[in-house]
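Subject: Structure handover

Hello,

Here is the structure for you to look at. Please open it first, then read on for what was found.

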Amino acid sequence: MANYIVKSNLRPFIFLTHSLKIMRKIVYSLALVSIAFSSLFSQEEDEKKGHFSGNFQIDAQTYMEDTITGADKAPEIMLMNSYANLRYTYGKLTAGLRFESYLNTLQGISNAYDGTGIPYKFFNYKSDELEFTVGNFYEQFGSGMSLRAYEDKTLGIDNAFEGVLVRHNPHKGIYLKGLVGKQRLFFDLGPGIVRGADAEIQLNEAFKLDSVETQITLGGSFVSRYQADRNPILKLPENVAIMATRLSVQRGGFSIVSEYGYKINDPSADNLNNYQPGQAIMSDISFTKGTFGMVVGGKWLNNMSFRSSRSAQNNDLMLNYLPAISKNHIYSLPAMYPYATQLNGEAGIKAEIFYRLKPKTLLGGKYGTLITLNYSRVQTIDTTNLPMLDSIRPHWNRYETSFLSIGDERLYEDISIDIQKKLSKRVKSFFSLQYSAYNRQYIEGKDGMIEAFIFVGDMTFSLKPKHALRAELQFLSTKQDYGDWVTAALEYTVSPHWFVALVDQYNFGNSDSDKQLHYYMVRTGYTKGANRIQIGYGRQRQGVICIGGVCRMVPASTGFNISISSTF
Amino acid sequence: MKTNTILLTILIALLGIGFNACDKIEGNPYETIQDTGTTIDGDTVKRVLLIEFTGHRCTNCPQAHQQLQILSETYGERIIPIAIHSGYYSDTTTTYPTNYTTPFGDNLTTLLNIDLYPRGVVGSLNKDAQKPLAEWAEAVAIEKDIPTTMAINIESSIENNTVISKATITNTKPEIALNDLKLYAVLVEDSVVSAQLNNGQLITDYVHNHVVRHGFTSHLGEPFVLNSESKFIYNFPVAIHSSWRAKKLSVVVFVTSEENKIIQAAYKHIE
Amino acid sequence: MFKSKQPAMYKFLFISLISALALNLTAQNIPSVEIKTMSGKTFNTADLTNNGKPIVISFWATWCKPCVKELSAIHENYIDWQEETGVKVIAISTDDSRSMSRVAPYVNSKGWDFEVYCDPNGEFKRAMNVANVPHTFLLDGNGKIVWQHTSYIDGDEEELFEKIKEIK
């Protein structure tokens with residue numbers, strides 16, 4: 001069980017932590033009662049019966065020593081991450097749990113997970129008007145600027161709350177949420193107690209404006225974190241609040257989504273004890289008509305990292321979510337230099353255009369062509385350092401900045417064009433050209449600016465019914481880092497069950513000729529319905545995996561891997 | 001009507017939380033407490049060792065160094081900082097030509113799994129003891145109040161360009177058994193001027209303090225046994241390297257016990 | 001929490017769940033979860049219907065290559081499928097707030113005429129026990145899940161269509 005050490009300055013929360021303990025007992029009792037009841041009434045007609053569902057996934061890999069790539073042998077030889085979700089629903093009641101086992105954790109994901117447990121369990125009641133969850137839950141307010149608890153197993157992120165969540169829908173178009181809880185930190189809980197509330201009103205529904213074409217939704221949220229101050233040299237705020245307000249307007253193919261957030265003084269490990277308030281604004285405007293679509297977006301933020309512990313780092317205990325403005329690239333080489341949001345300050349813009357050339361036109365060909373243009377750029381914000389108070393004490397606000405100011409340093413830029421075209425009844429193609437610039441010097445403190453040009457070509461040939469061959473070729477050219485790369489992949493698929501794939505990533509442009517290595521991988525898999533097994537062998541290069549602008553490092557590895565997943 | 005009442009109640013509750021759940025710190029947040037304790041040689045005042053992992057190309061490390069100085073102002077001789085330059089950020093380049101790395105530092109970095117800089121280690125030589133800057137002050141404040149019965153006395157002098165040191169370890173309360181003891185000794189140099197990256201800017205004349213220059217013991221320490229009412233004496237000489245300045249050298253000794261807990265440390269400036 | 005400790009309570013809970021399953025397992029209905037429409041309105045997944053005809057629910061994302069391939073393949077056959085079986089395809093985008101704004105223009109320029117909803121924090125995805133996208137469910141006229149499939153390879157849409165036809 002989590003240790004609820006009640007310290008003297010936690011006194012106002014004794015009641016709360018104590019009630020959480022009791023709550024836990026209640027969750028299980030209720031879950032058991034609901035199951036018992038469902039068994040009793042199991043003779044009733046079908047709809048009244050409860051049902052049971054779930055899924056599981058196992059990812060295991062062996063790690064062999066590879067003197068060529070520098071991959072390390074794992075002392076355990078094989079490492080494994082796995083989990084199983086179980087849900088039981090009976091009418092308005094749902095109870096569920098997730099069993100997780102990391103024996104030991106795959107490389108690249110924090111080994112603080114090592115072990116086995118049931119870190120996720122909940123009991124939920126949901127009617128049309130009212131919903132409450134006790135136990136563990138995920139939640140997001142607006143775009144996540146003030147609060148987002150989510151899970152991403154590929155990144156090793158799970159910052160679920162443990163506590164209470166209430167959602168109330170008092171009137172059509174009005175949605176209220178409130179929560180109190182602590183966040184998950186591996187198999188433990190973080191130190192901060194989080195209180196949050198969110199309100200959203202859909203004006204057209206709330207005021208019965210059915211005839212009005214313009215749809216308007218307004219929202220606001222408030223989140224506060226309590227963490228005791230035990231610092232002898234600084235007066236730290238124990239209750240830190242973040243608030244955000246949002247607007248969404250939609251009319252026909254046109255829409256605006258915008259959110260503004262403000263955070264009071266929150267000295268932390270992320271901002272090196274900077275006391276100045278944080279601010280962020282994020283807006284996306286999209287327009288679509290016919291086969292044309294576009295999105296333009298802008299974002300400005302200063303000092304907006306927010307976690308349920310001041311000293312948390314990496315991907316631990318993140319309480320809000322500030323997505324990267326750059327595009328999420330699909331292929332491996334375009335995603336070689338991904339960008340993650342700089343939580344201490346950045347200003348960015350993006351624009352993306354989609355256009356489908358209609359079939360049977362000159363450029364559209366027989367089946368039409370989809371063209372996507374994408375541009376994004378992120379700069380630093382403009383700051384003026386404040387003078388030190390004395391030789392060792394920096395000013396508590398560190399620097400001054402003005403809202404929406406843009407600094408001189410380019411952090412990231414990319415521009416790309418993608419073309420998707422079906423060439424004939426049996427041949428589909430995809431081509432992409434991209435330029436990326438990544439300021440590794442500023443972001444990681446090393447290696448300067450990395451500029452890369454990337455080409456991707458991908459063709460799928462339908463050979464006979466249900467048999468297809470996919471060939472992929474990618475080039476990345478850069479003078480920095482590891483130099484030029486080429487990736488070639490062949491994949492043969494037999495629907496609906498089988499696939500075999502061969503991939504080779506070759507670092508032919510490495511300035512050190514001993515490091516001009518092939519990273520090859522062989523994979524095969526079998527899928528039947530919602531059950532899937534995949535086996536592979538090969539070398540994985542050292543790299544960064546990012547999802548939604550949150551990243552993790554993956555070390556070089558060589559070995560066998562196996563994945564099994566099933567939904568039931 | 002009923003709905004409106006519920007709504008109103010919720011709104012009032014929200015506003016209530018909003019007004020109460022914020023602590024705005026106005027003006028200067030620095031505390032002015034001082035807790036330097038007594039400094040009589042050989043008594044059992046607990047001295048807290050803080051191992052600072054740093055590098056001259058680590059842009060946030062000078063902030064950590066400043067915080068250490070604030071901690072030294074607050075706790076005086078009750079805190080003993082030593083700085084280990086290691087990892088990627090300590091590589092030498094034409095802009096940062098000075099090599100501050102040592103085998104002792106490199107091995108300890110690997111042992112403690114340090115991969116982010118700056119990092120501080122307080123309390124024990126275990127992987128989970130490494131702390132981000134935001135936790136240093138709190139860790140020192142907690143650690144200084146953990147009592148110890150161990151006393152370390154260092155004598156140090158220079159003869160024929162060699163630093164000759166002797167550490168005498170005693171248990172002031174022999175009835176309390178101290179097990180699994182290991183002694184660590186390092187030579188540190190203060191006021192070394194060279195380049196440092198600070199908040200994105202190159203400082204060519206940055207002053208590096210308590211830089212670990214030499215490990216007398218290995219990074220795994222020197223195991224010893226302290227029988228009741230006996231002393232443990234450890235002698236450790238080292239020839240002064242041409243790049244060290246004798247006047248700026250000091251000796252730091254610390255001892256770990258069960259579970260690698262650092263139970264006492266001592267510092268001696270070489271006269 | 002419960003690292004390496006397994007109180008008897010959990011074993012009991014687990015066994016109870018399993019026995020409850022044995023006693024009264026039924027096919028799964030669509031769970032009731034709030035998702036967003038393309039115009040930003042809140043929508044309850046329990047209200048997804050097709051007047052007694054089959055429904056296909058496909059979880060996808062704009063950044064997921066096989067997902068887009070699958071929906072494109074369904075799109076090419078959608079008119080024929082609808083004529084023959086009356087099936088409705090519902091595409092649930094799992095894009096989070098980073099790429100959510102891309103969904104509407106992307107779907108439109110692709111020319112897809114599916115019902116599209118957004119599930120930015122994975123709530124519906126979790127309720128349906130989806131581990132990875134693409135993941136496709138086939139529901140019969142009573143809203144019961146009769147078949148599901150994970151991942152996509154070229155030609156898989158034909159198996160889906162066979163399963164849709166079996167419902168009739």
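Does A:L272 count as buried or exposed, and at what relative accessibility? A:L272 counts as buried, because its relative accessibility is 16% and the cut-off for buried is under 20%. One caution before the rest: this is a predicted model.

**Backbone points**

Stay with A:L272 for a moment. The residue sits in the loop between β16 (254–263) and β17 (278–289) of chain A. Most residues other than glycine have a negative phi, and most peptide bonds are trans.

B:D180 is not a glycine either, yet its phi is positive at about 55°. B:D180 lies in the loop between β6 (162–171) and β7 (181–189) of chain B. B:D180 counts as partly exposed, because its relative accessible area is 46%.

One runs from A:S495 to A:P496, with omega near 0°. A:P496 is in the loop between β27 (485–494) and β28 (498–506) of chain A. Another runs from C:V133 to C:P134, again with omega near 0°. Look for C:P134 in the loop between α4 and β6 (135–139) of chain C.

**Chain C**

Chain C has five helices and seven strands. Along the sequence they follow the pattern α-β-β-β-α-β-α-β-α-β-β-α. Of its 168 residues, 62% are buried. Take the contacts in chain C with a separation of 6 or more: 70% of them join residues 24 or more positions apart. The chain exposes about 6,200 Å², and carbon and sulfur atoms supply 53% of that.

Helix α3(C) is mostly covered, with eight of its 11 residues buried. Among the buried ones are C:R102, C:Y106 and C:K110. C:G111 follows the helix, with a positive phi near 80°.

**Where chain C meets chain A**

In this interface, 69 residues of chain C are in contact with 106 residues of chain A. The two chains bury about 7,400 Å² between them, 54% of it on carbon and sulfur atoms. Across the interface there are 35 residue pairs in polar contact, counting pairs with both residues at pLDDT 80 or more. There are also eight salt bridges across the interface. One salt bridge to look up joins the side chains of C:D154 and A:K428, at 3.1 Å from N to O.

Several elements of chain C give two or more residues to the side that touches chain A, including α1 (8–24), α2 (65–85), α3 (100–110) and β7 (145–150). The largest share, 11 residues, comes from α1(C).

**Two surface sites**

On chain A, a nonpolar surface patch is formed by A:I353, A:Y355, A:L373, A:I417 and A:L433. Together they have about 410 Å² of accessible area. A:Y355 belongs to strand β19 (residues 345–357) of chain A. A:Y355 counts as partly exposed, because its relative accessibility is 36%.

On chain B, look at B:T204 in strand β9 (residues 201–208). B:T204 counts as exposed, because its relative accessibility is 56%. Leaving aside neighbours within four places in sequence, B:T204 is in contact with B:S194 and B:A195. B:T204 and B:Y96 are 108 residues apart in sequence, but 8.8 Å apart in space, C-alpha to C-alpha.

Best regards

Definitions and conventions
Residues are numbered from 1 along each chain as its sequence is written. Chains are lettered from A and ligands numbered from 1 in the order in which they are written. Side-chain values use heavy atoms; hydrogens and water are left out. Patches are made of residues with over 30% relative accessible area and no salt bridge: like charges are joined within 9 Å, nonpolar side chains (Val, Leu, Ile, Met, Phe, Trp, Tyr) within 5 Å. Accessible areas come from the Shrake-Rupley method with a 1.4 Å probe; for residues, only the protein chains shown count as cover. A salt bridge is a side-chain nitrogen of Lys or Arg within 4 Å of a carboxyl oxygen of Asp or Glu. Helices (H or I, at least four residues) and strands (E, at least two) are DSSP runs, numbered from the N terminus. Buried means under 20% relative accessible area, exposed over 50%, partly exposed in between (1.4 Å probe, protein chains only). Contact means heavy atoms within 4.5 Å. Buried area is the accessible area (1.4 Å probe) that two parts lose on being put together, summed over both. A polar contact is a pair of N or O atoms within 3.5 Å; within protein, one must be able to donate a hydrogen and the other to accept it, and residues adjacent in sequence count only if both atoms are side-chain atoms.
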